[in-house]
Every structure is written in structure tokens, then in C-alpha cells.
Amino acid sequence: MLHIGADITIPLREVIAILDSATLGAKDTDNFYKRFKAQDIIMVAEGVKCLVLAKRRQSIKLYLSPISCSTLLKRSQLGAKSLQEKFLHQNELNMKEHI
């Protein structure tokens, strides 16, 4: 799970992209941002530093997060490492059961 601010967490497997809010001034990013409907944009908290694009159920959501991209990247790597360790531990237990 990736905590993106306030009380909002997103499963790592649903995260598509993490973008710096500084890109909002760029023409391509503005065009991309304008394609989202109001109900698909979620303001996490004031002071947007990062945009998190995620596939939630059958739609794409854009979260406006007050947490920096570098912090979210670190959190996602820690979460992925934790998932990997859990997977390896479970495989190790499964192998011991079969011996």
C-alpha cells in the first residue's frame, strides 16, 4: 500500500504513474490533466506537490497529493521490498512443508 496523504492509501499494483506537480504548467501535462472528469480527480490535501495516477476498479483516478514525488517513490520502493520479502518468506515456508 502507498500512503499518499491524509488517510488515503492506494495498493501499489494500482499505481500507474507518479508525476511532479511542477509539470502542470507544461502544455502536454495540461492537456492530459484536462481529460479527467471532476469525479476522477481527488484532492488529497492542500499544497499539491505530486500527481498520482492510479487504476481504481474500472476507472483511472488522478490524486493530487501534498507529499513530494521523492517521498512517494521511497515509500513505494519500501512497500515493494516488503511485499517481496513477504513473498520470499511464504515460498520458504511452503518449501519446508514439502520436505
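Helices (H or I, at least four residues) and strands (E, at least two) are DSSP runs, numbered from the N terminus. The notes below use that numbering.

1. Basis. This is a predicted model, in which local features need pLDDT of at least 70, side-chain atom pairs count only at pLDDT 80 or more, and totals for chains, interfaces and linings use all residues. Residues are numbered from 1 along each chain as its sequence is written, and side-chain values use heavy atoms, with hydrogens and water left out.

2. An open sheet is formed by 4 strands in the order 3-5-6-4, with mixed pairing; two strands pair if DSSP finds at least two bridges between them. The edges are taken by strand 3 (15-20) and strand 4, each with a single partner strand, so one side of each is left without a neighbour in the sheet. From one strand to the next the twist averages 20 degrees (axes are lines fitted to C-alpha atoms, for helices over the stretch in contact, and angles run from 0 to 180 degrees between N-to-C directions). As background, side chains in a regular strand alternate between the two faces of the sheet.

3. Strand 6. Buried means under 20% relative accessible area, exposed over 50%, and partly exposed in between (1.4 Å probe, protein chains only). Strand 4 (residues 41-43) pairs with strand 6 in the parallel sense over 3 bridges. I41 stands opposite L62 in strand 6, and I42 has Y63 as its bridge partner there. Strand 5 (residues 50-56) pairs with strand 6 in the antiparallel sense over 7 bridges, and the partner of C50 is S65.

4. Positive phi values. Which backbone angles deserve a check? Two residues other than glycine have a positive phi: A6, near 50 degrees, and R57, near 55 degrees. Most residues other than glycine have a negative phi, and most peptide bonds are trans. A6 lies in the loop between strand 1 (2-5) and strand 2 (8-10), and at 54% relative accessibility it counts as exposed. R57 belongs to the hairpin of strand 5 and strand 6, which has 2 residues between the strands. At 68% relative accessibility, R57 is exposed as well.

5. Nonpolar cores. A nonpolar core is a set of buried Ala, Val, Leu, Ile, Met, Phe, Trp, Tyr and Cys residues joined through side-chain atoms within 4.5 Å. The largest one has 13 residues, of which I4, I10, V52, Y63 and L72 touch the most other members. At least two residues of this core come from each of strand 1, strand 2, strand 5 and helix 2 (69-98), and strand 5 supplies the largest share, 3 residues. Another core, of 5 residues, lies apart from it and has L51, L53, L62 and L64 among its members. In soluble globular proteins, nonpolar side chains tend to be buried together.

6. Surroundings of I10. Contact means heavy atoms within 4.5 Å. Leaving aside neighbours within four places in sequence, I10 is in contact with M1, L2, I4, V15, V52, A54, R56 and Y63.

7. E14. This residue lies in the loop between strand 2 and strand 3. At 17% relative accessibility, E14 counts as buried. Not counting residues up to four places away in sequence, E14 touches L53, A54, K55 and R56.

8. The loop between strand 3 and helix 1 (27-34). S21 is placed in this loop and is buried, with a relative accessible area of 19%. The side chain of S21 reaches the backbone oxygen of V48 at 3.3 Å. That is a polar contact, defined as a pair of N or O atoms within 3.5 Å; within protein, one must be able to donate a hydrogen and the other to accept it, and residues adjacent in sequence count only if both atoms are side-chain atoms. Beyond four places in sequence, S21 is in contact with V48, K49 and C50.

9. L24. The loop between strand 3 and helix 1 also holds L24, which is partly exposed with a relative accessible area of 27%. L24 and C50 are 26 residues apart in sequence and 9.8 Å apart in space, C-alpha to C-alpha. Leaving aside neighbours within four places in sequence, L24 is in contact with T29, D30, Y33 and L51.
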